[in-house]
Amino acid sequence: MNEKQHTIKAPVTVTGIGLHTGIVSNMTFKPAPANHGYKFQRIDLPGQPLVNVDVDNVVDLSRGTTIEQNGARVNTVEHTLAALVGLQIDNVLIELDGPEPPIMDGSAIEFVNALNSVGMQEQNALRNYFEISKGISYKDDNRGVEIAALPLDDYRLTVMVDYNSPVLGSQHASITDINQFHDEIASCRTFCFLHELEALFKQNLIKGGNLNNAIVIVDRVVQDEELAHLAELLNKPKVSVQEEGILNNTELRFKNEPARHKLLDLMGDLALIGRPIKGQILAARPGHAANVAFAKKVKRLIQESAIKNIPTYDPKKPPVMDINQIAATLPHRYPFLLIDKIIHLDDTMVAGIKNVTMNEPFFQGHFPNNPVMPGVLQIEAMAQTGGILVLNAMDNPDDYWTYLLAIDKCRFKRKVLPGDTIIFKCELLAPLKRGIAKMAGQAFVNGQLVIEAEMSAMIVKKDA
């Protein structure tokens, strides 16, 4: 799995009819900055409103997942989102000039091929995984649905479907490596049963559905009169079936293609959580309603576990900047270079690490029999972390100095001692203006806030 965030290198457009609305639309995937996530934009509506991909924005689950925000609605988003998740793309703006993404062939493969055609771009920020730390379960006894998430330092999904159908029977599908998505999951098409077809038409759904973008499973003997009626509904000169099987005898791409498509849907719906997951997901008879209910449960756990949005530090992961890259950016040197790693960096936020040891030179004079890191040096280390953020905003950071102008609302909460690892976080309070940056800074040890302050810094060109 990728540890760095990714976007796409260039815009790419797909065009087609929407499955349920029957409206032809153009959908353009566009590169987006780190920590942008997935957002749809209805460019056909006044003001071109944005719709965040968020489980709290789900408004309808009639045979698909529909989201709405700012007065704009986007229908049937799950296949589009599954393609992005399956390719490990973190940040993209999806422009849409209609109410629904194109259904294409009923799978995600044409989205995947379009995205692969422009390629991926690594970004200077780590992926913000939500790691399942304990079992999470969801159950709907009325529908016989069960979904569970278990701890795992990876991403694995297993789906079981059982429709009590002589054609389908019980089917399983799994993905044990995200890189399997392209070859084993992306091309699996949506499906429905023959007995559902007319009901869906009566509900004003599947206006864009046809036998080229959906599998229709026939699990009973069908009379000629019904086949003629179906041909009229589907705008086909003729439809046929050999006793029990698939309407028009469409050849399945995999023997368990329906189960694989349910896994695809689950991947897309879980994207609504808003963060990539590390864990093992097991789902029995999943559907969009259950997927979304489970995603809401996971999102609530994320919100409950978020303590002041403390950046997570995993020493096994490669940093965004190591000490040599930090020294190439900042002018400070021993014994005054006070940060060891940068673990996150984007346009508005930076996170850095300071490993405090007894070998620090300041411990020789600062309470040597009771060593405590001086508060002013904690502030300095936080300011150096913020300096990385400010210089990152400049086209040629080597051409500039940063100077600390002001410190406000500074509070020291706890002592910092040898053996502590400090996580510094600095966020811009406003865009840079006339060379002045205003930041909110915090520092944490073992999940506890040790210092907070607001800082102002000035950017000065070296030859000025």
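Analyst: Happy to! Strands (E, at least two residues) and helices (H or I, at least four) are DSSP runs, numbered from the N terminus. Residues are numbered from 1 along each chain as its sequence is written. This is a predicted model, where local features need pLDDT of at least 70.

User: Which strand gives the largest share of the nonpolar patch?

Analyst: Strand E22 (residues 400–412), with 3 residues. The patch, about 370 Å², is made by Trp401, Tyr403, Leu405 and Met458.

User: Why is Leu405 called partly exposed?

Analyst: Buried means under 20% relative accessible area and exposed means over 50%, with partly exposed in between (1.4 Å probe, protein chains only). Leu405 has 47%, so the label is partly exposed. Leu405 lies in strand E22.

User: What makes E4 and E9 paired strands?

Analyst: Two strands pair if DSSP finds at least two bridges between them. Strands E4 (residues 38–42) and E9 (residues 92–96) are joined by 5 bridges, and they run parallel. Within this pairing, Phe40 has Ile94 in E9 as its bridge partner.

User: In what order do the strands of the open sheet come, and why are E2 and E5 at its edges?

Analyst: The order of the 5 strands is E2-E3-E9-E4-E5, with mixed pairing. Strands E2 (12–17) and E5 (50–52) each have a single partner strand, so one side of each is left without a neighbour in the sheet.

User: How do you know that helix H1 packs on the sheet?

Analyst: Contact means heavy atoms within 4.5 Å. Helix H1 (residues 78–86) touches strands E3 (24–31), E4 and E9.

How values were computed: Predicted model: local features only at pLDDT ≥ 70, side-chain atom pairs only at ≥ 80, totals over all residues. Heavy atoms only, no water. Patch = residues over 30% accessible without salt bridge, like charges linked within 9 Å, V, L, I, M, F, W, Y side chains within 5 Å. Areas by Shrake-Rupley, 256 points an atom, 1.4 Å probe, with all protein chains shown as cover. Salt bridge = Lys/Arg side-chain N within 4 Å of Asp/Glu carboxyl O. Axes fitted to C-alpha atoms, helices over the stretch in contact; angles between N-to-C directions.
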